[in-house]
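Here's a quick briefing to read alongside the model. Keep the 3D view open and find each part as it comes up.

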Amino acid sequence: MTAAEENEDQDRPSTSTGATSPDDYELRPMATGDREGGGGGATDKPSIDPLVVKSNSIDLESQPSTPVTPPHPYSTFSKRKINFIIFMAALAGLFSPLSANIYFPAISQLATHFHTTPTRINLSITTYMLSQAISPTLYGSLTDTLGRRPVYVLTFLVYIPANIALAVQDSYAALLVLRALQAAGAASVIAVGAGMVGDVVPRERRGGAMGWFNVGPMLGPCIGPVIGGALADKYGWRAIFWFLAICGGVFLAFLVGWLPETLRAIVGDGSVEARGVNASLWELARRRRRRRKSGLERVHSRGGGERPKFRFPNPIAPLAILKEKDVACALLFSGVFYGVWYMVTASTSVIFEDKYGLNETEVGLTFLANGMGCLVGSILQGRILDWDYRITKARWAREGGHHDNETEGEDSFPIERARLRSLWWLCLCFGGGCIAYGWTIEKRVHISAPLIFQFIIGYSATSIFNTFGTLVVDLFPGRGSSATAANNFVRCALGAVGTAVVDEMLGSRVGAGWGFVLLIGVCACCSPLVWVVLRFGPGWRGERVRREREKACAKAAAAGGK
């Protein structure tokens with residue numbers, strides 16, 4: 001088609017009749033038809049008027065105009081704002097693993113300062129992990145009712161003073177207590193951040209979004225020991241906690257100033273204005289400026305609900321999620337792998353100091369291998385999860401599956417199969433990497449070998465954690481923070497157990513080689529749990545949805561009867 005013909009087509013009056021072939025038009029004499037022969041006896045020559053449509057087509061004037069309403073988006077936040085929310089959630093999520101891992105290179109220095117052994121200093125890691133397991137259960141239910149922003153602010157108001165106190169204390173008992181308080185302030189950021197991602201990103205793109213969110217938590221093991229080793233080597237161990245206090249204060253200022261509220265019970269799909277502490281300072285200033293100019297009142301758009309009533313947080317509520325059989329199986333499997341991974345991480349400092357004679361700065365650099373593997377795994381696995389979701393959904397649709405309805409919780413889509421599709425090869429990488437790492441340490445192979453296997457361990461472990469973290473958010477729409485808090489409880493509890501026994505394992509006759517073989521054997525014994533989730537999970541999930549629907553109907557009926 002020439003450019004002139006294209007312009008002619010564009011200038012032609014458009015209709016919504018759907019006529020696209022010559023059969024849709026009828027022959028009719030033109031009102032000013034041509035005359036044959038050009039004389040007075042000439043007859044009308046029928047002609048085709050291409051703008052006259054047959055009578056069996058739709059008469060636009062006689063039919064009522066019904067505009068087609070596009071489907072309402074899952075979130076009305078702009079793409080730029082969603083990216084900003086994920087970035088801030090990832091940055092907040094950095095603080096929990098950063099506070100844990102920045103501490104490792106200074107273990108020997110702390111043992112010398114407090115006149116004790118590295119094993120006793122490791123107890124401060126155990127108390128940190130236990131507090132990290134318990135505190136999100138308190139914040140998880142709170143953030144699903146009060147909002148994401150207020151809980152963020154509250155946690156950092158606990159975290160910053162705890163770091164200042166750690167920097168100035170001189171008692172081993174105070175070290176244990178304040179490390180627990182520090183964890184209480186930092187641990188909930190991951191649960192809150194996962195809830196924010198679930199608030200603004202639909203399920204078909206949530207795997208990639210969770211991958212980018214997990215960049216923050218996975219960056220902690222990468223940069224934490226490097227920073228901690230450099231600070232401890234040059235300025236002493238107290239500089240570590242001053243550094244964390246300053247970083248926490250700077251982030252708190254950005255959080256209060258710019259982070260929007262995302263909890264759907266408060267702002268709906270993002271079209272409802274947040275109020276009070278749920279609104280950022282920037283939102284309040286912009287709203288005040290706009291109203292001053294136009295005189296508009298507060299508008300509450302569709303998609304939102306009434307502000308939920310405040311209820312004192314029940315730390316048992318997130319743990320009630322563990323009563324669900326599919327969730328318990330999934331989190332136990334993920335938690336065992338997390339415990340083994342944390343044993344690798346917590347023992348790195350002592351192993352490389354003892355086996356290879358490294359100082360604090362050099363020990364900190366060895367954590368880069370594990371950390372970089374975690375970082376790559378977080379980003380790459382998010383894309384793989386979205387890819388697996390699309391493949392599973394296309395196959396499911398060909399088999400006659402019905403569309404899901406995530407908002408209502410009515411869903412026959414096999415989300416378990418979609419999320420766990422690539423799990424098998426990740427588990428093989430993790431198991432092989434841990435066994436090879438243990439034996440290279442045992443035989444004192446060149447330092448490059450254990451570092452390569454640490455990268456493999458970090459990559460596969462993070463991919464496994466990301467897979468199950470995304471799955472539990474999918475299983476509980478609207479309760480992402482509570483589900484993540486339950487996940488965090490199981491992982492950190494098993495991580496604390498691993499930290500408490502790893503030094504004894506490495507120092508015993510078992511050694512690193514057979515020790516890690518034994519640990520991977522434990523992981524292998526948990527593999528049937530994945531089959532249970534795939535086989536029975538959809539049915540258990542359906543029962544849970546029906547149970548919650550009946551409970552909601554009964555509650556609505558009781559409220560209507562009053």
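What follows is a tour from the whole chain down to single residues.

This is a predicted model, so a bit of housekeeping comes with it: local features need pLDDT of at least 70, side-chain atom pairs count only at pLDDT 80 or more, and totals for chains, interfaces and linings use all residues. Residues are numbered from 1 along each chain as its sequence is written, and side-chain values use heavy atoms, with hydrogens and water left out.

**The whole chain**

- The chain has 22 helices and 0 strands; helices (H or I, at least four residues) and strands (E, at least two) are DSSP runs, numbered from the N terminus.
- Of the 562 residues in the chain, 50% are buried (buried means under 20% relative accessible area, exposed over 50%, partly exposed in between, using a 1.4 Å probe and protein chains only).
- Take the contacts between residues at least 6 apart in sequence: 82% of them join residues at least 24 apart. Contact means heavy atoms within 4.5 Å.

**α6 and α11**

- Look for helix α6 (residues 148-168) and helix α11 (residues 238-258): their axes come within 8 Å and cross at roughly 160°. Axes are lines fitted to C-alpha atoms, for helices over the stretch in contact, and angles run from 0 to 180 degrees between N-to-C directions.
- α6 and α11 are therefore roughly antiparallel to each other (under 35 degrees is roughly parallel, over 145 roughly antiparallel, 65 to 115 roughly perpendicular, and the rest oblique).
- α6 passes α11 in a left-handed crossing; that means the near helix is turned anticlockwise from the far one by less than a right angle, while clockwise would be right-handed.
- Residues making this contact include Tyr152, Phe156 and Ile160 of α6, along with Phe241, Trp242 and Leu252 of α11.
- Sorted by class, the α6 and α11 contact has 18 nonpolar, 3 polar and 2 charged residues. Here Ala, Val, Leu, Ile, Met, Phe, Trp, Tyr, Cys and Pro count as nonpolar, Asp, Glu, Lys and Arg as charged, and the others, Gly among them, as polar.

**α6 and α7**

- α6 also packs with helix α7 (residues 172-186), at an angle of about 155° and with the axes 7 Å apart.
- That makes α6 roughly antiparallel to α7.
- The crossing of α6 and α7 is left-handed.
- Among the residues in this contact are Val158 and Ala162 of α6, and Leu178 and Gln182 of α7.
- The α6 and α7 contact splits into 10 nonpolar, 4 polar and 1 charged residues.

- Thr470 sits in helix α19 (residues 448-475), and it counts as buried because its relative accessibility is 0%.
- Leaving aside neighbours within four places in sequence, Thr470 is in contact with Gly207, Met210, Leu385 and Arg419.
- Gln109 belongs to helix α4 (residues 107-113). Gln109 and Asp233 are 124 residues apart in sequence, yet 9.0 Å apart in space, C-alpha to C-alpha.
- His115 is in the loop between α4 and α5 (118-143), and it is exposed, with a relative accessible area of 73%.
- Phi of His115 is near 55°, a positive value in a residue other than glycine.
- Arg444, in the loop between α18 (423-442) and α19, also has a positive phi, near 55°.
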